[in-house]
Amino acid sequence: MSEPDAGNLPAHHRDRQGPALDAQSGWRRLAGRSLWVSGAKSLALVAGAVAGLTRFLLGQDWRAGGIIAACAGAAVLIVAAVLAYDLARLRTTRWRLTPERLELRSGLTTRQHRSIPRDRVRSVDLRADPILRIFGLTVVKVGTGEHAGDHTELTLDPLARNDAETLRRTLLHQDEEREARDGPLAELRWSWIRYAPLSVWTFTASALVLGALYKPLNAIGLKSVTSRAASDLWGWIVEQPLTAVPLLLAVNLTVGALGATLLFAESWGRYRLEHEPGRLRLRRGLLTTRSLTLEVRRLRGVEISEPLLLRLGGGARVKTVATGLGEKAKNETEDAAALAPPLPRDLAWRLAAEVASAGVPGSRVLSGGTALIPHPRAARRRRVVRASLATALLAAAAGVASSLAPWPWVRAWVWLIPVVVPAAGMWGAVEGARNLGHALGARHLVSRKGAVVRQTVALDRKGISGWTITESYFQRRSGLLTVSATTSAGRGHYEVVDVGHETGLELASRAVPGLLEPFLVRGKTVAKQ
Amino acid sequence: MSATMLRPPRNQADPRVIPWWTVQWLLLMAPLAVAAVAAYWIFTERPLWLGAAVAAFAVACVVLALVAPRAYYRVERWEVTGEAVYTRKGWLTHTWRVAPMSRIQRVDTARGPVQRLFGLADVTVTTASSAGAVKIEGLDHEVAAELAERLTAITQATPGDAT
């Protein structure tokens with residue numbers, strides 16, 4: 001045995017509820033109940049294997065008894081193998097919390113010893129899928145928050161829920177009363193679920209589900225069934241397009257809306273956002289529960305994002321602009337920056353304002369939505385001209401295509417292009433121009449843009465790490481320019497698009513005092529108001 | 001015109017950058033011109049009007065290769081003050097970049113093999129932002145090394161965690 005101190009442990013220690021504690025060194029084990037979890041999860045593997053095996057043996061003309069015996073044998077083998085692996089993993093993994101460090105020893109074949117200093121711990125995230133939750137367990141991820149994705153995280157998979165909560169509080173210096181006293185910044189209201197279907201998911205989900213189902217169905221030998229169903233369906237569409245197409249679209253929408261609603265419920269059920277000293281804690285998840293921490297120190301602003309459908313429905317989403325935030329993790333349904341589910345616009349603004357001013361009490365810059373200063377009319381003219389040119393090009397291309405294309409349906413539908421494209425283009429141009437805006441708050445630079453997805457970003461002025469100012473040939477002729485604030489957080493740069501030449505430069509100069517000022521020259525002849 | 005403007009940065013690239021860029025442009029444009037002429041000579045019936053067009057194209061390529069570096073030399077400027085690095089570039093689209101000393105994380109100098117023949121080097125100043133790198137091109141290599149050293153010294157003396 002590679003771990004001498006573990007071998008000496010009395011047997012009953014292993015079965016205790018919490019991690020067994022070795023009195024001498026403080027090394028602890030992971031929760032032994034994890035075996036049940038892996039046993040339960042291995043059943044999924046068993047199901048797949050049994051299906052495959054049955055199909056194969058049926059092809060070989062085995063009798064039912066033989067098939068059942070073979071399947072049972074395979075099932076026992078799989079479960080035993082998974083349990084043996086997990087047992088070995090649990091027995092070789094030890095962790096301990098010393099006054100200075102959190103340490104983890106693990107590895108079946110390659111031994112690893114990793115440790116992180118406690119004062120560098122920035123986040124303690126908990127995640128429990130339904131099976132882990134049945135057994136009262138949770139996976140703990142301790143991060144130093146230096147950079148996302150460079151494996152500075154330490155994962156304890158799994159701990160008993162109570163131990164995980166205790167560890168979280170110990171590492172983040174939390175006392176319970178404090179947590180209880182402060183009300184949450186936001187909490188789920190189920191009425192928000194009405195915003196769930198207002199996403200692209202609604203239109204694509206059922207196609208995705210079909211695609212995802214097609215492969216496994218083929219794998220377990222239902223290929224003839226699926227292909228016959230597909231060809232039947234196609235035949236139906238070709239024969240009666242006027243009934244089939246609207247019906248299919250309706251089914252698609254219904255399934256999509258249902259899927260989006262379920263996804264919302266699973267992702268955002270029990271959602272709760274709390275403000276703890278120095279950090280935000282986000283809890284969510286109906287089946288798989290997650291608890292995420294975000295340090296206020298890493299926060300550089302907030303973003304309110306309003307995709308078209310959600311905007312029409314009066315909803316908005318709130319995201320953080322933070323440094324070192326990872327990309328959307330695997331098997332996660334929401335990206336790491338998301339702070340809240342889609343929620344009513346005024347609530348979104350209020351939440352954004354509270355988050356933006358977190359850490360500095362009393363400076364409610366954003367509250368009520370600072371009135372944004374619109375951009376000059378030239379910005380709209382630019383967009384309209386651009387859209388008209390694009391339309392003209394497309395119409396010309398469509399004309400050429402219809403005269404050249406051999407298929408009759410091209411000619412039947414091509415007239416749609418000069419009708420739909422200009423309308424959509426003009427709408428995009430006008431809406432895009434209307435959505436342009438900026439404002440300078442006491443702490444934040446606020447900018448807004450986007451026709452389809454309207455994004456309003458409040459960037460902490462202290463988080464601005466430079467300016468990039470661009471002026472294209474056409475912008476110069478219309479007296480506009482684009483001011484881009486570079487920052488280490490979020491997308492890395494946030495633009496104030498097509499702002500008036502002088503307004504933009506003054507804005508940048510005032511947003512970060514002293515940075516741009518030495519490089520500006522002000523005309524003496526023109527009186528400034 | 002507008003009352004508030006960005007003034008051009010103080011310094012220009014080293015004049016040797018003009019031949020260096022001209023060489024680069026010619027490497028790109030000369031094959032294009034030659035290919036056009038060759039294609040005309042080999043694959044067509046050599047009509048006169050097409051010959052004139054091809055000749056004009058070839059001449060335009062070479063003229064562009066000779067003129068563009070000079071134009072870029074005139075617009076590309078840089079400046080380093082005690083507080084910030086400031087550059088301007090672009091001919092049709094003007095781009096100004098400002099990076100404050102307190103946010104600079106890395107200073108690199110780069111010299112390609114051919115660039116070395118001209119005694120030139122580039123200095124790249126990187127901030128914590130994925131979008132904030134500021135590049136000063138075509139400096140005398142000694143000036144570049146000196147500048148990098150100075151920037152590193154100022155950056156180290158400036159407090160702040162650069163994020």
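Modeller: A residue counts as buried when its relative accessible area is under 20%, as exposed when that area is over 50%, and as partly exposed in between. Please keep in mind, as we apply these words, that this is a predicted model.

Colleague: Then let me begin with one residue: is A:T288 buried or exposed?

Modeller: A:T288 has a relative accessibility of 9%, and because the cut-off for buried is 20%, it counts as buried. Its place is the loop between β10 (279-284) and β11 (289-295) of chain A.

Colleague: Which residues does A:T288 touch, not counting residues up to four places away in sequence?

Modeller: With those sequence neighbours set aside, A:T288 touches A:R127, A:A128, A:D129, A:P130, A:R133 and A:E266.

Colleague: How should I place this residue within chain A, and how many helices and strands are there?

Modeller: Chain A has 17 helices and 22 strands, and of its 529 residues 43% count as buried. If we take the contacts in chain A with a separation of 6 or more, 56% of them come from residues 24 or more positions apart. A:L263 belongs to helix α10 (residues 241-268) of chain A, and with a relative accessible area of 30% it is partly exposed.

Colleague: Can burial be read for a whole helix as well, and why is helix α17 (residues 501-511) of chain A said to be largely enclosed?

Modeller: One counts the buried residues, and in α17(A) eight of the eleven are buried, so the helix is largely enclosed by the rest of the structure. Those buried residues are A:H501, A:G504, A:L505, A:E506, A:L507, A:A508, A:S509 and A:A511.

Colleague: What can be said of the length of helix α13 (residues 377-404) of chain A?

Modeller: For length, one compares the span between the end C-alpha atoms with the span expected at 1.5 Å a residue; α13(A), with 28 residues, reaches 41 Å, which is close to the expected 40 Å. Its buried residues are A:A378, A:A379, A:R382, A:R383, A:A387, A:T391, A:A398 and A:S402.

Colleague: At what angle do α13(A) and helix α15 (residues 416-435) of chain A pack?

Modeller: The angle is about 165 degrees, and the axes are 9 Å apart. Because an angle over 145 degrees counts as roughly antiparallel, α13(A) is roughly antiparallel to α15(A). The crossing of the two helices is right-handed. On the side of α13(A) the contact includes A:A379, A:R383, A:A387, A:T391 and A:A398, while α15(A) contributes, among others, A:V421, A:G425, A:M426 and A:A429. Sorted by class, this contact has eleven nonpolar, four polar and two charged residues.

Colleague: Which other helices are roughly antiparallel to each other, for instance in chain B?

Modeller: In chain B, helix α1 (residues 17-43) and helix α2 (residues 48-75) cross at roughly 170 degrees, and their axes come within 8 Å; α1(B) and α2(B) are therefore roughly antiparallel to each other. Their contact divides into 23 nonpolar residues, two polar and one charged. In chain A, helix α3 (residues 34-59) and helix α4 (residues 64-92) pack at about 150 degrees with their axes 8 Å apart, which makes α3(A) roughly antiparallel to α4(A). The crossing of α3(A) and α4(A) is right-handed, and their contact has 20 nonpolar, five polar and two charged residues.

Key
Residues numbered from 1 in each chain as written. Chains lettered and ligands numbered in written order. Predicted model: local features only at pLDDT ≥ 70, side-chain atom pairs only at ≥ 80, totals over all residues. Heavy atoms only, no water. Helix = DSSP H or I, 4+ residues; strand = E, 2+ residues; numbered from the N terminus. Expected span 1.5 Å × (residues − 1). Buried < 20%, exposed > 50% of the residue type's maximum accessible area, 1.4 Å probe, protein only. Axes fitted to C-alpha atoms, helices over the stretch in contact; angles between N-to-C directions. Parallel < 35°, antiparallel > 145°, perpendicular 65-115°, else oblique. Left-handed = near helix turned anticlockwise from the far one by under 90°. Contact = heavy atoms within 4.5 Å. Nonpolar A, V, L, I, M, F, W, Y, C, P; charged D, E, K, R; others polar.
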